[in-house]
Amino acid sequence: LRFTLYPTCQAQASAWIRRVAEWPFQQVVAAHLQSPFPLTSSEFLRAFGFLFDQESSWEPQADQLPSLRALAQQLDGPTALSSGIWQRFTDS
């Protein structure tokens, strides 16, 4: 989602992430991970740091970028890589 959906709706996604981070939670239940697991609001924000032009808690490896670029362009069209989410990876 980071490289396919979020570039097309970065402002909306970042606003939603900020709203959720205001909740006083200490753990989360995720549909695609072993749950529940401990997570604070600041850790939640860091996981989505890429939406705020910051490093996130997961960054792709250089050898993953060509496949991610191709997928983003296939799903979102030729302007997919113009999103700020891709900015830090333009030289890779």
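User: Let's start with Phe-25: buried or exposed?
Analyst: Keep in mind that this is a predicted model. Phe-25 is buried, since its relative accessible area is 17% and the cut-off for buried is under 20%.

User: And how many aromatic pairs are there?
Analyst: The count comes to six aromatic pairs. Take Phe-25 and Phe-44: their ring centres are 5.8 Å apart and the planes sit at 85°, so that pair is edge-to-face. Anything over 60 degrees gets that label.

User: Which parts of the chain does that pair tie together?
Analyst: Phe-25 is in the loop between α1 and β1 (27–28), while Phe-44 is in helix α2, so the pair links parts 19 residues apart in sequence. Phe-44 is buried too, with a relative accessible area of 11%.

User: OK, what about the rings of Phe-48 and Phe-50?
Analyst: Those have centres 6.1 Å apart and planes at 45°, so the pair is tilted. Phe-48 counts as buried at 17% relative accessibility, and Phe-50 is buried with a relative accessible area of 5%.

User: Which residues form the aromatic cluster?
Analyst: One cluster is made up of Tyr-6, Phe-25, Phe-44, Phe-48 and Phe-50.

User: Switching topic: which residues have the most contacts inside the largest nonpolar core?
Analyst: Tyr-6, Phe-44, Phe-48 and Leu-51 do, in a core of 21 residues. The elements giving two or more residues to this core are α1 and α3, and α1 gives the most, with four residues.

User: What does Leu-51 touch?
Analyst: Leaving out residues up to four places away in sequence, Leu-51 touches Tyr-6, Gln-10, Ala-13, Ser-14, Ile-17 and Ile-85.

User: How does the lining divide into nonpolar, polar and charged?
Analyst: The lining of the largest pocket has 20 nonpolar residues, four polar and one charged.

User: Last one: which helices each supply at least two residues of that lining?
Analyst: α1 (10–21), α2 (41–47) and α3 (65–76) each do.

Notes. Residues numbered from 1 in each chain as written. Predicted model: local features only at pLDDT ≥ 70, side-chain atom pairs only at ≥ 80, totals over all residues. Heavy atoms only, no water. Nonpolar A, V, L, I, M, F, W, Y, C, P; charged D, E, K, R; others polar. Core = buried A, V, L, I, M, F, W, Y, C linked by side-chain atoms within 4.5 Å. Buried < 20%, exposed > 50% of the residue type's maximum accessible area, 1.4 Å probe, protein only. Contact = heavy atoms within 4.5 Å. Phe/Tyr/Trp six-rings, centres within 6.5 Å; stacked < 30°, edge-to-face > 60°.
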